[in-house]
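Hi everyone, thanks for coming. Have a look at it first.

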Amino acid sequence: MAVGKTINSQAIKATDTKRAANPAHFHTSAKNIKESILRNLLSFQGRDPERSGDADVYQALAYAIRDIMVKKWIATQKSYYKEGEKRVYYLSLEFLIGRSLVNSMINLGIFEAAREALEELGYDIGRISDEEEDAGLGNGGLGRLAACFMDSIAMLKIPAYGYGIRYEYGLFTQRIVDGYQVESPDNWLQYGTPWEFERRMPVFPVQFYGNVVSELDKNGNYRSRWINTQHVMAVPCDMLVPGYGNDHVINMRLWTAKASRELDLGYFSQGDYIGAVQSKVSSETISKVLYPPDHNLAGQELRLKQQYFFVAATFQDILRRYRKTNHDFANFPNAVAVQLNDTHPAIAIPELMRILLDIEGLSWEKSWDICVHTFGYTNHTLMPEALEKWPVDLMGRVLPRHLQIIYEINQRFLDSVAQEYPSDVSKLRDMSLIEEGEVKKVRMAHLAVVGSHSVNGVAALHSELLKTRLFPDFYRMYPERFNNKTNGITPRRWLLQANPQLAALISDKIGKAWITDLNELRKLEVFTEDAAFRARWREIKHANKKRLAAYVHRIMKVEIDPKTLFDVQVKRIHEYKRQLLNALHVIYLYQQMLQHPELNFAPRTVVFAGKAAPSYWRAKLIIKLINSLGEVINNDPRIGHLLKVIFLPNYTVSQAEIAIPAADLSEQISTAGTEASGTGNMKFSLNGALTIGTLDGSNIEIREEVGEENFFIFGMTAEEVEVEKLNPSRTPEGICQANPVIREVIDSIANGAFSHGDKKLFQPLVETLMSPHDQYLLLLDFESYIACQRHVRELYLDQENWTKKSILNVARIGKFSTDRTIRQYSEEIWGIPVE
């Protein structure tokens with residue numbers, strides 16, 4: 001689906017020049033690409049080149065690019081075996097890839113050659129690239145981070161693979177109907193994808209259900225066998241990821257579930273033809289959809305099966321590769337590093353134990369030592385509800401052997417806890433891998449901490465809160481395991497590709513080294529006093545805002561003015577991210593503009609985008625409120641161009657590539673102590689937006705880097721939030737009584753001013769806002785937020801100073817590259833030095 005992005009080929013052309021001059025890095029001419037496109041159209045796709053449309057040509061070009069990559073990938077894989085390098089396996093249930101075409105061409109250094117080839121054939125590269133569907137195999141920051149990591153791993157030439165699931169349907173397609181979010185299937189594979197190789201081998205069986213029997217082996221040791229199981233076949237699909245300018249190509253291996261037999265002949269021979277088909281369909285459901293609803297038992301079971309499915313297939317693949325050069329497991333942790341991207345793949349720990357114990361016949365002690373030295377665990381959340389827990393009954397039914405192993409791990413672990421804390425029953429209860437209660441549950445985060453040699457957070461504050469709030473007892477037992485790896489973003493996609501005009505200006509002034517060493521951006525600082533440079537900086541920002549305005553008009557039929565301040569909050573809709581606080585400020589602005597027309601307001605366009613989980617009704621009601629604000633404000637002639645409210649439907653990576661470069665102000669306003677890191681904040685800063693935010697997640701580190709004078713900070717600290725929750729000093733009702741302006745904002749929602757007089761529609765939001773138990777403390781931060789937004793307005797009216805701060809945000813954001821993050825993972829967790 002086209003998202004209206006125009007590719008600036010002149011800007012990207014400069015990035016090809018260096019490699020074009022070096023034959024070692026540039027093997028493909030426009031002539032070769034053109035010939036490959038025509039050959040693919042005719043022989044591979046069965047299309048008449050003279051009658052082919054944009055979609056046909058996109059596919060033919062993608063196949064041409066894939067042909068270039070696969071040759072480099074084969075050479076890369078051979079080098080791993082030749083040099084006997086340690087391999088890294090990055091396990092993630094999400095990879096929010098977005099589009100691959102332009103990113104691949106840029107990294108391969110052939111963008112300009114492809115543009116010329118298309119022009120000679122009569123096609124525009126912008127239109128062709130818009131034919132690509134986003135590969136939405138993720139929900140938000142977790143999946144996008146994984147995709148950025150793959151880019152940096154390839155750039156740094158680390159011998160690594162990404163493993164996940166090839167979901168047939170992504171998260172969902174979001175439509176806005178009467179202001180409400182309506183979900184429909186995200187059928188991104190409706191016409192297939194040219195970027196994958198579906199492999200006929202290796203194909204691995206994955207077991208579920210059954211029962212466990214124990215017996216003595218020939219040496220007199222007890223061994224367990226998992227029998228009477230149902231099987232699903234895991235079929236690998238490889239998607240290639242090229243490194244920037246280095247001929248190094250890695251792959252993500254994504255698993256598809258297939259029935260072990262096309263039709264169950266047992267059903268078939270009994271005449272139960274429907275049952276035969278249903279068995280096949282049930283097996284293949286595992287890889288159908290990202291994040292099935294887990295509010296019922298069937299959804300929970302499917303989610304657990306998804307997690308084990310991709311883990312079990314991945315470890316069979318890891319062992320297949322390991323056994324090529326190793327005959328026992330003495331060298332396993334020296335040859336294999338497995339990184340768990342959050343708790344989703346944590347079932348990998350008992351799976352590796354099962355393999356080592358039951359199949360390889362190793363002792364428990366040796367197996368556990370291998371296991372702990374193999375795994376690293378990255379935690380991505382401070383929200384207790386996001387730390388996965390599986391009902392023991394469910395685990396025992398679906399994965400009976402794994403539950404046995406988890407109980408044994410737990411018993412041995414609790415024995416060590418008891419030695420450390422004798423007679424402390426509460427400590428045993430708090431640290432146990434099994435949560436006692438009406439429904440016993442397996443605590444997967446506890447399992448991940450106990451079974452890994454490294455436990456890292458993703459921002460300095462987050463990592464500290466892991467030690468002091470989330471896992472304090474584990475930190476006291478294993479202090480050496482805990483470390484921080486602040487997240488980052490890849491500059492290849494989020495500046496070079498997403499903002500090519502700004503990238504070209506930067507390269508013109510300081511050279512191109514920043515593309516692979518983001519700290520080079522520091523050299524931009526000297527240009528803050530260059531009036532001509534600042535003017536060009538503003539021209540580029542205005543061009544990006546015009547592009548977003550054109551996109552908004554095309555999909556929403558709403559006019560927005562590129563001269564206004566673009567105030568942007570685009571991310572997953574969740575109460576802790578506090579889109580509702582932003583909406584309250586919109587109401588405040590609206591009321592102030594009506595009541596005080598004499599004031600010098602900075603005209604503002606407030607842009608929201610993001611998806612709410614289908615069952616998260618309160619988040620969906622926030623979406624409805626935002627759209628209702630837009631309905632009223634955008635049609636109020638008294639306001640005119642002073643204020644507009646936009647909710648972009650169906651937020652994707654491609655949409656982010658339009659919205660982020662256009663932003664003047666980045667909203668990073670989560671309740672302090674709730675956001676693990678955030679990476680949207682980094683993308684906005686890299687593209688010259690100023691941030692308004694709380695001291696939460698990586699906001700703290702960004703503020704330290706760019707300078708507190710170039711960052712709008714407000715609200716309570718994480719420590720103050722905790723104190724306020726325990727011993728409230730203020731209540732929402734008290735705040736409203738003391739501040740009539742805030743009371744007016746809340747009353748306008750309660751009285752139906754934005755719901756056609758319906759006072760009940762947004763009553764749940766009002767009740768939460770006014771509750772003394774609001775865990776996200778919106779009204780307690782609202783006054784500070786309003787005051788901070790006044791500073792935003794004042795500075796934006798001084799465009800020269802605003803531009804200086806914008807330049808400094810870009811110049812000082814170099815720390816937040818995934819190249820730095822991955823280098824730290826590689827050297828400090830995986831034990832692989834990076835050149």
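So, how much space lies in the largest cavity? About 210 Å³. Keep in mind that this is a predicted model, and that the structure holds six cavities of 30 Å³ or more.

Who's around that largest cavity? Its lining has 17 residues, and I97, S100, N103, V241 and R493 lie nearest the centre.

Now the second largest cavity, with a volume of about 70 Å³. Lining it are E575, L580, I622, L765, T768, L769, D774, Y776 and L778. Helix α31 (residues 763-770) gives the largest share of that lining, three residues. Here the classes come out as six nonpolar, one polar and two charged.

Okay, over to a helix: α2, residues 30-44. At 1.5 Å a residue, its 15 residues should span 21 Å, and the end C-alpha atoms are 20 Å apart, so that agrees. Which residues of α2 are buried? They're A30, I33, S36, I37, N40 and L41. Down the helix axis, those buried residues fall within an arc of 130°, so they line one face of α2. A helix has 3.6 residues a turn, so residues three or four places apart point the same way.

Covering the buried residues of α2 are, among others, α3 (54-83) and α5 (111-121). On the face turned away, you'll find K31, L42 and S43 exposed. And just after α2, G46 takes a positive phi of about 70°.

Key. Residues are numbered from 1 along each chain as its sequence is written. This is a predicted model: local features need pLDDT of at least 70, side-chain atom pairs count only at pLDDT 80 or more; totals for chains, interfaces and linings use all residues. Side-chain values use heavy atoms; hydrogens and water are left out. On a 1 Å grid over the protein atoms alone, a cavity is a set of points where a 1.4 Å probe fits but cannot get out, and a pocket is an open set with protein on both sides within 12 Å along at least five of seven lines; lining residues have an atom within 4 Å of a point. Grid points are joined across faces, edges and corners, and a volume is the space filled by probe spheres set on the points. Helices (H or I, at least four residues) and strands (E, at least two) are DSSP runs, numbered from the N terminus. Ala, Val, Leu, Ile, Met, Phe, Trp, Tyr, Cys and Pro count as nonpolar, Asp, Glu, Lys and Arg as charged, and the others, Gly among them, as polar. The expected span of a helix is 1.5 Å times one less than its number of residues. Buried means under 20% relative accessible area, exposed over 50%, partly exposed in between (1.4 Å probe, protein chains only). The arc is that of the directions from the helix axis to the C-beta atoms. Contact means heavy atoms within 4.5 Å.
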